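Subject: Structure handover and notes

Hello,

Here is the structure I said I would pass on. My notes follow below it.

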Amino acid sequence: MDAVRLIVTSRRALAVGGDAPEILTEVWQAQALAQAIGSRLAVAGPPELRGEALGLTELAGRGCGVLDEPRLAPGDLRAAQLTELGDARQALGYLGGLLGEVGIALVGLACAANDEGTYWQCMEAIDAADESRDRVREMLRKLTDGEQRLPEREAG
């Protein structure tokens, strides 16, 4: 499945919400998907994105690592369904939106947390989501800069 479809699926699942374990599962799914997209970009993406993509892979992996791994049925891991990236700019734009929504969901969950463990888990995951989103923004900026330099080279 292509990256944008998986991201849209994750955004919808996160929007449905539910109780804390369901939200944390969707946050974990989103971070795992960001990790998979970063990995694909690092290997086969535009050369100017590869360093940032590696950073995204690491940060999203940290985002998964601070959360308890959810119990998913075989085939339910969205990141494993990623078969193609499609347009890198579009995928990154959607991924940035998803990571922003992850942060918002985590803030709500942290505010409602009844135990300190859940609160701190959310705070760590918020950090990871924000840093992952920053990497996505940087990759989008690099794509834009590259496109702006291309017409200059063609005109020269």
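The model is predicted, so local features need pLDDT of at least 70 and side-chain atom pairs count only at pLDDT 80 or more, while totals for chains, interfaces and linings use all residues. Residues are numbered from 1 along each chain as its sequence is written, and side-chain values use heavy atoms, with hydrogens and water left out.

Salt bridges

A salt bridge here is a side-chain nitrogen of Lys or Arg within 4 Å of a carboxyl oxygen of Asp or Glu. The count by this rule is eight. Among them is the bridge from Arg135 to Glu52, with the closest N and O atoms 3.6 Å apart. Arg135 lies in helix α5 (residues 116-155) and Glu52 in helix α3, so this pair ties together parts 83 residues apart in sequence. Helices are DSSP runs (H or I, at least four residues), numbered from the N terminus.

Glu52 also forms a salt bridge with Lys142, where the closest N and O atoms are 3.8 Å apart. That pair again links distant parts of the chain, Glu52 in α3 and Lys142 in α5, 90 residues apart. Arg135 is partly exposed at 29% relative accessibility, and Lys142 is partly exposed at 25%.

Another of the bridges joins the side chains of Glu138 and Arg141, at 2.3 Å from N to O. These two residues are three apart in α5, which means that about one helical turn separates them. Glu138 is partly exposed at 25% relative accessibility, as is Arg141 at 39%. Bridges with shared partners join Glu52, Arg135 and Lys142 into one network.

Helix α3

Helix α3 has 16 residues (50-65) and should span 22 Å at 1.5 Å a residue; its end C-alpha atoms are 22 Å apart, which agrees. The expected span is 1.5 Å times one less than the number of residues. Buried residues in α3 include Glu52, Leu56, Leu59 and Cys64.

Aromatic pair

There is one aromatic pair in the structure. The ring centres of Tyr119 and Trp120 are 5.0 Å apart and their planes stand at 85°, so the pair is edge-to-face. Rings of Phe, Tyr and Trp (its six-membered ring) pair if their centres lie within 6.5 Å, with planes under 30 degrees apart counted as stacked, over 60 as edge-to-face and the rest as tilted. Tyr119 is partly exposed at 31% relative accessible area, and Trp120 is partly exposed at 48%.

Regards

Technical notes: Buried means under 20% relative accessible area, exposed over 50%, partly exposed in between (1.4 Å probe, protein chains only).
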